[in-house]
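Dear colleague,

Please find below the structure that I am handing over to you.

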Amino acid sequence: MSRQRPLSPHLQIYKPQLTSILSILHRATGVALSIGSIILVSWVIALTLGEATYLSYLKIINNWFGKLILFGFTFGLFYHFSNGIRHLFWDAGYGYDLKQAYMSGTLVIIASLTLTIITWLLVFFI
Amino acid sequence: MDKKVAQYSYTKVENMSSVKSPGVGHWKLQRISAIGMIPLLLWFIPSLLFSLLGSYEEAIAWFQSPFNTTGLFLLFITLFFHASLGLQVVIEDYVHNEGLKIASIILIKLLSILLGVLSLLCVLKIYLS
């Protein structure tokens, strides 16, 4: 079998659409969240190691760069969560209509942005 | 595609012995773990925001509740299971060298188990302390 055969989708001639961008973003956020889970695990490890370690761990994270990473993590999480539910509806056989697919896609963007903003407002104002 | 068609084609494909491959099991487990993540995140994200961003003592107190320990166990197991299944599909789609493909999938599984066990041990240690 030839390894040089063209692979679908042919991205060089593929017109990006909302649906295709959301689809690849689901994978990208999935991979990013998997890597980001290391932050969650290291946070739990720091908590296990005692107060001094925990406080110095928070110090490492609590700067503009750390917050930027966590902001991206939050958006990725809410996006993958919302779009994951969209995928589960498809798996159950609902929402295949083109109009519905675009509507649910728009809804996913609005939901993930709103949830991200609410979360960070809570972080800063609690 | 309406619901009937989708269900028909799925059961039909599933019942064909030639396609009863581990792929079908993988597909199902990916969805089951995804569904499991929904209530777990609906519980954990608000907990993180309202109970875990305070002091060290508050965070420890939250971890020491048996309800939360149970939830964290389920969360970490489901999370790393879901992540390793998802990463495996991504690798299968983009890595075309057979040896590299198998090696990366094994590496992903080992890392998931390592991170999973590590987090469970920590959760247990805080609970028992």
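Helices here are DSSP runs of at least four residues (H or I) and strands are runs of at least two (E), numbered from the N terminus. On that basis, chain B reads α-α-α-α-α from the N terminus on, with five helices and zero strands.

Please note that this is a predicted model. It scores ipTM 0.90 and pTM 0.87. For chain B, the mean pLDDT is 89, and 83% of the residues reach 70 or more.

Within chain B, which has 129 residues, buried residues make up 19%. Of the contacts in this chain between residues at least 6 apart in sequence, 69% join residues at least 24 apart.

Turning to the two chains together, 24 residues of chain A are in contact with 27 residues of chain B. On the chain A side, the elements that give two or more residues are α1 (18-48), α2 (51-61), α3 (64-91) and α4 (98-125). The largest share, ten residues, comes from α1(A). By class, this side of chain A comprises 13 nonpolar, seven polar and four charged residues.

With kind regards

Note on methods
Residues numbered from 1 in each chain as written. Chains lettered and ligands numbered in written order. Predicted model: local features only at pLDDT ≥ 70, side-chain atom pairs only at ≥ 80, totals over all residues. Contact = placed C-beta atoms within 7 Å. Nonpolar A, V, L, I, M, F, W, Y, C, P; charged D, E, K, R; others polar. pLDDT = per-residue confidence, 0-100. Buried ≥ 20, exposed ≤ 12 C-beta atoms within 10 Å, placed from the backbone.
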